[in-house]
Amino acid sequence: MDRHELARIFNETGLLLELKGENPFKVRAYYNAARTVENLGEDLEKLVREERLHEVPGFGAAIVKKIHEWVQTGKIEFYENLKNTTPPGLLELLRIPGLGPKRINQLFTTLNITTLEELEEACAKDQLAALPGFGVRTQEKICAGIKFVKEHRGRFLWMEASASALELRDELARHPAVSRVEVAGSLRRCLPVVKDADLVAATGDPRGVMAFFAGLPQVERVTGSGGNKITALLRNGLAVDLQIVGEEEFPFALLYFTGSKEHNLDLSRRAEELGYKVSEYGLFRGEERVFCKDEEEVYRRLGLLGIPPELRENRGEIEAAAGQQLPDLVGAGEIRGVFHVHSNYSDGGTPLAQMAEAARAAGYQYLGMADHSRSAFYAGGLSEEELAAQGREIDGLNREYEKSGVDFRIFKGIEAEILPSGELDYTPEVLKELDFVIGSVHSHFNLDRETMTKRILKAMENPYLTILGHPTGRLLLERPAYEVDIEAVLAKAAEKGVIIEFNANPYRLDLDWTWIRRAKEMGVLIAVNPDAHSPRELELARSHLPVARKGWLEKKDVFNTRTTVEVAEYLAARKQRS
């Protein structure tokens, strides 16, 4: 029972109703239901089984009825009807920054715009500028948004595509004729956004396995088939290539189809220098194929350490492997605790004590609470009094842990707004009472590069700022990063000892891995934070760590691989300097 899928359906129902100009209260009921489903503190299946859905705050009779319908039939007729009566192009328009359901409804009713192309044409004719509530500047922003959306059409988040690919891998692994199968391509290299998925399977029955793959319920249709390759489009729109090989070819095919293209070319050049030829079919010395049981052995035959898939981007990894200098990449089990966690004090859906218990249950040794600050009124930001009350609750919980001999600690923090002026939105007297402070930009994204950079650099001058949150403000496939000089930001972080966040929320994955590598080179610590708003999201720090590992991160580079004592000492020393 995938509650995330149910939450998606409820959220999209709200969007579809809003696009149709429905009653705002009805719209809000579905948005609230989506948020409630995502943040449930109890198992959804258990609630359904015990017929206790009506006990959940915010679940009215209509929502409960639809959940039961979804459980019994796998769909909600009300949602399906809405979807079928709404021009599909309107949902794509929602991806344009600054273009919400109300404006899209206005464009639909006044100009009959239903697709991105029609909107682009209307912009070219200056038709939007004359509409009430739009104007020239809004039209310019929409034009820029159209360009962004078109550039990212047909792209998928790493998390979404990985889930689909792993599901297919597991289905294929159960086929009796498949001896080995793995995900390959950009997904295996953990790129934040991908356009398709690749699978490599070893079998002695290519036709049988291809027919099995084509008949899987996830497959909408086969779009290509020939030789030992079959391409299919999944029901969620993801294109998948399945490459069929023999057992002996599998390590070479997996290496080749994982890529990247540039990595393969560099590897091929090295092989030639050593008298070999390497391809997807094997490693050859003359006409003789050299047996290799796995990728590690292929690399070893070429005088290299095994190169993790995340690093195969032709950014010096082959030279490092040849010199026995590959990084010992940080592992998920080395993440000892997490910072940047929200509770129902602000916009999280779970009480603080429950978030702490969930962190303990997940095997973390500490939890850094960082609810939104007072300027974030849209997210229930904390007043000074509410922040103090939260601090008292944290102190009480920590005393209970200590009294009970529980090895767990909650650190007091805040996600403070970096105001347009570069100030944080609490006084030094308030900030000094906290263990740590995350500073983040949540507004005024359209500042020019110089102004935005000065804004962030000024915030980093604040002696109480511990961590810079989601440094570029991007939302993958939804909103581009704001203009900022990241090199200057990293230089300031190195100078002031500010930790830079890798925000592991699948829609952010910010700082980008290419800049993580630069941060590491400059000696800047990285905190791998989940930006969790519910207990399940605490695991994001571990599950999305592979994307951060692309920046060559080792245990020593990651702040939250430290023990509780080490973290406490670091934060105390930083406060003392402040």
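Colleague: Hi! Which residue in β18 does I500 stand opposite?

Modeller: I500 stands opposite I526 in β18. Strands here are DSSP runs of E with at least two residues, helices are runs of H or I with at least four, and both are numbered from the N terminus. A word on the source: this is a predicted model, where local features need pLDDT of at least 70, side-chain atom pairs count only at pLDDT 80 or more, and totals for chains, interfaces and linings use all residues. Residues are numbered from 1 along each chain as its sequence is written, and side-chain values use heavy atoms, with hydrogens and water left out.

Colleague: Thanks. How many bridges join β17 to β18, and are the strands parallel or antiparallel?

Modeller: Four bridges join β17 (residues 499-503) to β18, and the two run parallel. Two strands pair if DSSP finds at least two bridges between them.

Colleague: What does the chain pass through from β17 to β18?

Modeller: Helix α22 (residues 513-521), in a right-handed β-α-β crossover. Right-handed means that, with the strands pointing away from the viewer, the path from the first strand over the helix to the second runs clockwise.

Colleague: And which way do the residues of β18 point?

Modeller: In β18 (residues 526-529), I526 and V528 point one way, A527 and N529 point the other way, and all are buried. Buried means under 20% relative accessible area, exposed over 50% and partly exposed in between, with a 1.4 Å probe and protein chains only. In a regular strand the side chains alternate between the two faces of the sheet.

Colleague: Which other residue has a positive phi although it is not a glycine?

Modeller: W552, with a positive phi of about 65°. W552 sits in the loop between α24 (545-549) and α25 (564-577) and counts as buried at 8% relative accessibility. Most residues other than glycine have a negative phi, and most peptide bonds are trans.

Colleague: Speaking of peptide bonds, which residues does a cis one join?

Modeller: G259 and S260, with omega about 0°. S260 is in the loop between α13 (250-258) and α14 (261-273).

Colleague: Changing topic: which residues have the most contacts inside the largest nonpolar core?

Modeller: L367 and L538, in a core of 96 residues. A nonpolar core is a set of buried Ala, Val, Leu, Ile, Met, Phe, Trp, Tyr and Cys residues joined through side-chain atoms within 4.5 Å. A second, separate core of 45 residues includes L17, V48, A122 and F134.

Colleague: What is L538 in contact with?

Modeller: Leaving aside neighbours within four places in sequence, the contacts of L538 include V338, M355, Y364, L367 and P530. Contact means heavy atoms within 4.5 Å.

Colleague: Now the hairpins. How many residues lie between β5 and β6?

Modeller: Two, and G227 in that turn has a positive phi of about 60°. Six bridges join β5 (residues 219-226) to β6, and the strands run antiparallel; G226 stands opposite K229 in β6.

Colleague: Is β6 mostly covered or uncovered?

Modeller: Mostly covered, as five of its six residues are buried. On to β7: five bridges join β6 to β7, again antiparallel, and I230 stands opposite L242 in β7. That hairpin has four residues between the strands, with G237 at a positive phi near 95°.

Colleague: Where is L238, and is it buried or exposed?

Modeller: L238 is in the loop between β6 (229-234) and β7 (239-245). L238 counts as buried because its relative accessibility is 1%. Not counting residues up to four places away in sequence, L238 touches F156, A161 and K195, among others.

Colleague: Last one: how many disulfides are there?

Modeller: Zero, from a search of the whole structure. A disulfide is a pair of cysteine sulfur atoms within 2.5 Å, and for C143 the nearest cysteine sulfur, that of C123, is 3.6 Å away. C143 counts as partly exposed at 33% relative accessibility, and C292 is buried at 2%.
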